[in-house]
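Please find below a note on the model under review.

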Amino acid sequence: MKQLFFTVLLIFSISMSAQKFEGLAKTPPMGWNSWNKFACNVDEKLIRETADAMASSGMKDAGYEYIVIDDCWQVSRDENGNIVPDPERFPSGMKALADYIHSKGLKFGLYSCAGSKTCEGRPGGRGHEYQDARAYAAWGVDYLKYDFCNTDAQKAEGSYKVMRDALFAAKRPIVFSICEWGTTEPWTWAKNVGHLWRTTSDIMNCWDCKVNWGGMGWTLVMDKNEPLGKYAGSGGWNDPDMLQVGNGVLTDVESRSHFTMWAMMAAPLITGNDIRSMTPAIKEILTNKEIIALNQDSLGKQGYRWWTLDGNIELWIKSLSNGEIALCFFNRSGEVKNIDIDWKKYFGKLDGKSQGITDKTIIRDLWLKKNIGTTGKNMKATIQAHDVLTIKLSK
Ligand code: GLA
C-alpha cells in the first residue's frame, strides 16, 4: 500500500514537473520585439521609452502587452554561471526594467537560445537552463523567446522540453516562444512544450524578397505558414515571425495587407518597428481594433486561403465565434482589380456549408469600419494592387 502511494506520488510529481504553463496565450500573444528594427542596438532607455509609447500611443489599449528584448542584452556569465546583462546598456538591471514595464500595466519578455551561444554569439542557455529560468523568474520575466543557434548535435524537441521544465520548476508563469524556424516541424510536437512556435526562417523587410540563408519577405512567409492551420489553437500558435509593419520599406497599403494576413492567420501580433515615432498611417494600421478582433477571436481558428479568383485575388476565410465569418480578398497582383461577388453563387462554398448566411447577412468592411450592405446583392469593389478588402459577415 505504502509502495503504491509512493509510486503514485512519484508519477504525479514527474508529470507535474513536465508541463508548460497552461492558461497563457489563450489568444495569440500581442506585443513588441526589438529585433526587426534595432537588432543588437538595445538598451534600457529604448525599452523604457518603448513601454512609455506603448502605453501612451493607444497600442496598449488595442491589446499589445509584451515588451520583448531580443538578442544582445546579455554579455557573459559570472563565476557562478549566472547570466550577466550588459552593464553598460542595462545599468539598472533587468529587475528594475521589468518593474518599470509592469508599472505601465505591460509585460516583460527576454530572448535566449537553446545552444551554447545565441545567434549573435552571446552566452546561450545550454547547461544553464534551470539557473537561467530561476533568474528570469526572479527578475519578473513574463515571456521567453528561445532560439536555436549553436546547438551542435542537440535535438530541438528535447532541448525545448528541458527549458519548458526549467521554467515550470521556477514557478513564474512565462509564455514560452519556440524559435527553431520550423526546421523540425514543431507544430507536430510543440503543443505541450510552448505557447507559440516559429514556422519559418526570419521575415525580411520586403514584399517577397529572398536571402541566401533563408530569410524571406512576408508574402513568402505567409505561404509557408498557411497550410499549418490545423495545428493552431488556444494556448499554442503557429508563429510566422514578427511584423515588419512600419519599418519603412513596405508601402502603407502593403503594411495593411501584411497586418491583415497576420490577423487572419491567428498569428502572434508582435510589432517590430519603432513605436516611439510611428506615422499616423502606421499607428492606424497597428491599432485597428476590428482587425485585431479577428486575430483575438475566442474560437482561435487560423484562417486559410480558400480559393483564388481571377488568378491573382486570393480569398481567405476565418471562422469566428458567434457564427461570424471573416473574409479577406487579397490582391496579390501589381494591378488594380475589380471584383463582383454573387453571394448566392458562393454561399454553398463557404466552408462547405451556408454557415447560416442568408440574403440579410450583414457585410462590414473592417478597414472602412462601416457596414457596406448585405449579401442579398452582389458586392462590387475595386481593390488596389497589393491591397486587401477585409469584411466580416454577421447575422
Ligand atoms: C534568429 C531569430 C531572429 C532573432 C535573431 C537574433 O535569427 O530567428 O528572430 O531572434 O536570431 O539573433
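**Note on the model**

1. D152 is exposed, with a relative accessible area of 66%; here buried means under 20% relative accessible area, exposed over 50%, and partly exposed in between, with a 1.4 Å probe and protein chains only. The residue sits in the loop between β6 and α7 (156-170), and its phi is near 45°, a positive value in a residue other than glycine. Helices (H or I, at least four residues) and strands (E, at least two) are DSSP runs, numbered from the N terminus.

2. On provenance, this is a predicted model, in which local features need pLDDT of at least 70 and side-chain atom pairs count only at pLDDT 80 or more, while totals for chains, interfaces and linings use all residues. Residues are numbered from 1 along each chain as its sequence is written, and side-chain values use heavy atoms, with hydrogens and water left out.

3. A39 also has a phi near 45°, a positive value in a residue other than glycine. A39 belongs to the loop between α2 (35-38) and α3 (44-56) and is partly exposed, at a relative accessible area of 28%.

4. The ligand is surrounded by 13 residues, and the closest are D70, D71, K145, D147 and D202; a residue counts as near if one of its heavy atoms lies within 4 Å. This shell divides into six nonpolar, no polar and seven charged residues. In these classes Ala, Val, Leu, Ile, Met, Phe, Trp, Tyr, Cys and Pro are nonpolar, Asp, Glu, Lys and Arg are charged, and the others, Gly among them, are polar.

5. Taken alone the ligand exposes 310 Å², of which the protein buries 93%; accessible areas come from the Shrake-Rupley method with a 1.4 Å probe.

6. D147, one of the closest residues to the ligand, lies in strand β6 (residues 143-147). D147 is buried, with a relative accessible area of 6%. Between D147 and N36 there are 15 Å in space, C-alpha to C-alpha, and the two are 111 residues apart in sequence.

7. Four cavities of 30 Å³ or more are counted, a cavity being a set of points on a 1 Å grid over the protein atoms alone where a 1.4 Å probe fits but cannot get out.

How values were computed. On a 1 Å grid over the protein atoms alone, a cavity is a set of points where a 1.4 Å probe fits but cannot get out, and a pocket is an open set with protein on both sides within 12 Å along at least five of seven lines; lining residues have an atom within 4 Å of a point. Grid points are joined across faces, edges and corners, and a volume is the space filled by probe spheres set on the points.
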